[in-house]
Amino acid sequence: MKTQSVQIQRHGGPEVMQVVEIEVPEPGPNQLRVKQHAAGVNFIDIYYRSGQYQAPLPHGLGMEGAGEVEAVGSGVTGFKPGDRVAYSSGPLGAYGGAYVLNADRVVKLPKSIGFEQAAAMMLKGLTVQYLFRQTYRLQGNETILFHAAAGGVGLIACQWARALGVKLIGTVSSPEKAALARGHGAWAVIDYTKEDVVGRVLELTGGAKVPVVYDGVGKDTWESSLDCLQPRALMVSFGSSSGPVTGVNLGILSQKGSLYVTRPTLVTHLTPRGRFEDSAKELFHMVESGKIKIDVTRRYRLDEAARAHEDLASRRTTGSGVMIP
Ligand SMILES: NC(=O)c1ccc[n+]([C@@H]2O[C@H](COP(=O)([O-])OP(=O)(O)OC[C@H]3O[C@@H](n4cnc5c(N)ncnc54)[C@H](OP(=O)(O)O)[C@@H]3O)[C@@H](O)[C@H]2O)c1
């Protein structure tokens, strides 16, 4: 069968994305073919488009979405045509009308969660799950620092922290974003384009600093993040919306207090299958119980992929965007 798909022939700006008709293969062993209802728009899609992350060209974009199973490959158990499903880490190509992926990357979607909502939350919500429940397991009495708190990952993090009883200090770049982060559960906010982040964290914590910083901004916040940490605390550098952190001299970790650092990624947290299922279950429970609401703030057609990327990179957006094939 054929479908419309957003593809790139070369790396570059948003203009390199083109909608083309592609042949979608039948699902192979242990694979599913899904009719896509919505795909998530994520910063990682920008990294693959620009060449910061590399895959053999030409290729599609997007790795998150939700839809209905259309065809089931040999050896697949637990899925049948018509099942409502969602996925966070498929192969590049989720910006399109149909998608073939390994069944072990797919979970069934509860009836109460819509396709758009699912596409907006799988990658971002499962990321918050592993950050808060696996990388540094929050207990409920901590004060933490979370950068870009009004973004797609950020607004989920604010709500998850509130549900756990954690005081989340969120950074943002405008008063509107500050109000939004607060409204979603941030305990305090810092405008990191105007305020001294380290000074404010010291003030807010009575000089104690924080046991963990979750930093998806990267280059611009790396050093000040380290200065917000208590001795022997953990720096979680999980993204690079301002550019990647490079050229680190490990000595900085001893100078700033025997710090630990990790650069985690979601895909490592989706195996074995039981770990993925447990994480998805916890995320779905948070959403179904009303503790986390998913903000789908932008919807794009496939031929608007360039605008979707420009918007996300522009720093103007809040919450999550989705592509509707
Ligand atoms: N490692 C993982 O497993 C994993 C998984 C998912 C996402 N991530 C990472 O998490 C981060 C957030 O992802 P998201 O999709 O939810 O994006 P997002 O937070 O909605 O958008 C990125 C935000 O980063 C902030 N930012 C700071 N400096 C920036 C700059 N120079 N250019 C652009 N934005 C800048 C902006 O917020 P302000 O305007 O408030 O500064 C912007 O809105 C990304 O770095 C992404 O790569 C990592």
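Ser 225 is found in helix α6 (residues 222-227), where helices (H or I, at least four residues) and strands (E, at least two) are DSSP runs numbered from the N terminus. The model is predicted: local features need pLDDT of at least 70, side-chain atom pairs count only at pLDDT 80 or more, and totals for chains, interfaces and linings use all residues. Residues are numbered from 1 along each chain as its sequence is written, and side-chain values use heavy atoms, with hydrogens and water left out.

Ser 225 counts as buried because its relative accessibility is 0%; buried means under 20% relative accessible area, exposed over 50%, and partly exposed in between (1.4 Å probe, protein chains only). The side chain of Ser 225 reaches the backbone oxygen of Thr 221 at 2.8 Å. This is a polar contact, defined as a pair of N or O atoms within 3.5 Å; within protein, one must be able to donate a hydrogen and the other to accept it, and residues adjacent in sequence count only if both atoms are side-chain atoms. Leaving aside neighbours within four places in sequence, Ser 225 is in contact (heavy atoms within 4.5 Å) with His 147, Val 213, Asp 215 and Met 235. Ser 225 and Asp 215 are ten residues apart in sequence, and their C-alpha atoms are 7.5 Å apart in space.

Oxygen atoms of the ligand lie 2.4 Å from an N or O atom in the side chain of Tyr 192, 2.7 Å from an N or O atom in the side chain of Tyr 130, and 2.9 Å from a polar backbone atom of Gly 152. Taken alone the ligand exposes 900 Å², and the protein buries 92% of that; accessible areas come from the Shrake-Rupley method with a 1.4 Å probe, and for residues only the protein chains shown count as cover.

The largest nonpolar core has 83 residues, among which Phe 132, Leu 168, Tyr 214 and Met 323 touch the most other members. A nonpolar core is a set of buried Ala, Val, Leu, Ile, Met, Phe, Trp, Tyr and Cys residues joined through side-chain atoms within 4.5 Å. Helix α2 gives the largest share of this core, twelve residues. A second, separate core of 20 residues includes Val 217, Trp 222, Leu 229 and Met 235. Apart from neighbours within four places in sequence, the contacts of Tyr 214 include Leu 131, Phe 132, Tyr 136, Ile 144, Phe 146, Val 236 and Phe 238.

Val 236 lies in strand β13 (residues 229-237) and counts as buried because its relative accessibility is 0%. Not counting residues up to four places away in sequence, Val 236 touches Leu 131, Thr 135, Val 212, Val 213, Tyr 214, Asp 215, Thr 262 and Pro 264. The C-alpha atoms of Val 236 and Tyr 136, 100 residues apart along the chain, are separated by 8.5 Å. Strand β13 also holds Arg 232, which has a positive phi of about 65° although it is not a glycine. Arg 232 counts as exposed, at 60% relative accessibility.

In helix α3, Gln 159 is buried at 4% relative accessibility. A polar atom of the Gln 159 side chain lies 3.0 Å from the backbone oxygen of Leu 155. Beyond its neighbours within four places in sequence, Gln 159 is in contact with His 184, Lys 291, Ile 292, Lys 293 and Asp 295.

Two cis peptide bonds are noted here. One runs from Leu 57 to Pro 58, with omega near -5°, and Pro 58 is in the loop between α1 and β4 (59-60). Another runs from Thr 271 to Pro 272, with omega near -5°; Pro 272 is in the loop between β14 (260-262) and α8 (273-288).
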